[in-house]
Amino acid sequence: TSNLYVPKAEELIKPVRDRLIRQEFNGVNIGRLARKWGLTDRYIREIVKEEKKKILAAPVSEQISLWE
């Protein structure tokens, strides 16, 4: 006998949901995203961890670089 694995719908939707959350993340809207998607703040922080690093590393447009 062989077993057929059928993933749960949530497993298929999760990568798309996470991508949308990353796109909506602006650096300060973790609470709003958590409420919108029905997730905890901590889980949203985990999803956007890499995005947050990019935002923090990017220079502010009005900020003058010491190296330029």
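Biologist: How many helices and strands does the protein chain have?
Modeller: Keep in mind that this is a predicted model. The protein chain has four helices and zero strands, and from the N terminus on its elements read α-α-α-α.

Biologist: Okay, and how do I describe a pair of helices that pack together?
Modeller: Two packed helices are described by the angle between their axes and by the distance between the axes. Here, take helix 1, residues 9-24, and helix 2, residues 30-37: their axes come within 11 Å and cross at roughly 150°. Angles over 145 degrees count as roughly antiparallel, so that is how helix 1 and helix 2 run relative to each other. As for handedness, helix 1 passes helix 2 in a right-handed crossing.

Biologist: Which residues make the contact?
Modeller: On helix 1, look for Arg17, Leu20, Ile21 and Glu24. Helix 2 brings Arg32, Leu33, Lys36 and Trp37. Sorted by class, this contact of helix 1 with helix 2 has four nonpolar residues, four charged ones and no polar ones.

Biologist: Now the whole chain. What percentage of its residues count as buried?
Modeller: Of the 68 residues in the protein chain, 16% count as buried. The accessible surface comes to about 6100 Å², and 57% of it belongs to carbon and sulfur atoms.

Note on methods: Residues numbered from 1 in each chain as written. Predicted model: local features only at pLDDT ≥ 70, side-chain atom pairs only at ≥ 80, totals over all residues. Heavy atoms only, no water. Axes fitted to C-alpha atoms, helices over the stretch in contact; angles between N-to-C directions. Helix = DSSP H or I, 4+ residues; strand = E, 2+ residues; numbered from the N terminus. Parallel < 35°, antiparallel > 145°, perpendicular 65-115°, else oblique. Left-handed = near helix turned anticlockwise from the far one by under 90°. Contact = heavy atoms within 4.5 Å. Nonpolar A, V, L, I, M, F, W, Y, C, P; charged D, E, K, R; others polar. Buried < 20%, exposed > 50% of the residue type's maximum accessible area, 1.4 Å probe, protein only. Areas by Shrake-Rupley, 256 points an atom, 1.4 Å probe, with all protein chains shown as cover.
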